[in-house]
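Dear colleague,

Please find below the structure that I am handing over to you. My notes on what was found in it follow directly after.

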Amino acid sequence: MKQFLTLCILCSIFMFGHSQMYIPNSSFNVENNSSEEQFYYNSDDNSIVIKEEKLINNSICFIYSITGQLVLKKRVDYSIFTLNEIKKGIYIVSIQGYNINLVKKILIP
């Protein structure tokens, strides 16, 4: 069921263009949380920067290709991690932690 929900979220991002969503794991409510970015892609050094401290050391980052294939799974140990091993393209980044799942679409130029 969790994989099906993730797939539905990925489809809604592509279809409706939501850039970031907050999804509590305990329910199926989806809220647009674009007013406060909790993580973002930094194109200057090809990295993801996590601003929300509670995500550091308590989360896993999943990066999916535009076709839905898992490209990278990485434990979030620091507030910044590089994506040097990922090719140029459009990706979906999902950071999942205790009771939180943040999803964002990024472009790696």
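**Overview of the chain**

Of the 109 residues in the chain, 44% are buried. Please bear in mind that this is a predicted model. The chain contains one helix and nine strands, and their sequence order is α-β-β-β-β-β-β-β-β-β. Among contacts with a separation of 6 or more, 48% link residues 24 or more positions apart.

**Strand β5 and its partners**

Six of its seven residues are buried, so the strand is largely enclosed by the rest of the structure. Strand β5 is joined by six bridges to strand β6 (residues 70-76), and the two run antiparallel. Within this pairing, Ile 63 stands opposite Leu 72 of β6. The hairpin of β5 and β6 has four residues between the strands, and Gly 68 adopts a positive phi near 95 degrees there.

Strand β5 also pairs with strand β8 (residues 89-97), again antiparallel, through seven bridges. Here Phe 62 is found opposite Ser 94 of β8.

**The open sheet**

Strands β3, β4 and β7 form an open sheet in the order β3-β4-β7, with antiparallel pairing. Its edge strands are β3 (39-42) and β7 (80-82), each of which pairs on one side only. On average, neighbouring strands of this sheet are turned by 20 degrees against each other, direction ignored. Strand β4 (residues 47-50) is connected to β7 by three bridges, and these two strands run antiparallel. One of the residues involved is Ser 47, whose bridge partner in β7 is Thr 82.

Which strand holds Ile 106? Ile 106 belongs to strand β9, which spans residues 100-108. This residue has a relative accessible area of 6%, and it therefore counts as buried. Leaving aside residues up to four places away in sequence, Ile 106 touches Tyr 41, Leu 83, Gly 89, Ile 90, Tyr 91 and Val 93.

Is Leu 107 buried or exposed? Leu 107 is exposed, because its relative accessible area is 54%, and the cut-off for that class is over 50%. In a regular strand the side chains alternate between the two faces of the sheet. Together with Ile 66 and Ile 90, Leu 107 makes a nonpolar surface patch of about 270 Å². Ile 90 is also one of the residues that Ile 106 touches.

**A salt bridge**

How many salt bridges are there? The count comes to one. This salt bridge is formed by Asp 77 and Arg 75, with the closest N and O atoms 3.5 Å apart. In general terms, side chains of opposite charge can pair when their charged atoms come close. Asp 77 counts as partly exposed because its relative accessibility is 31%, whereas Arg 75 is exposed, with a relative accessible area of 51%.

With kind regards

Definitions and conventions: Residues are numbered from 1 along each chain as its sequence is written. This is a predicted model: local features need pLDDT of at least 70, side-chain atom pairs count only at pLDDT 80 or more; totals for chains, interfaces and linings use all residues. Side-chain values use heavy atoms; hydrogens and water are left out. Buried means under 20% relative accessible area, exposed over 50%, partly exposed in between (1.4 Å probe, protein chains only). Contact means heavy atoms within 4.5 Å. Two strands pair if DSSP finds at least two bridges between them. Axes are lines fitted to C-alpha atoms, for helices over the stretch in contact, and angles run from 0 to 180 degrees between N-to-C directions. Patches are made of residues with over 30% relative accessible area and no salt bridge: like charges are joined within 9 Å, nonpolar side chains (Val, Leu, Ile, Met, Phe, Trp, Tyr) within 5 Å. Accessible areas come from the Shrake-Rupley method with a 1.4 Å probe; for residues, only the protein chains shown count as cover. A salt bridge is a side-chain nitrogen of Lys or Arg within 4 Å of a carboxyl oxygen of Asp or Glu.
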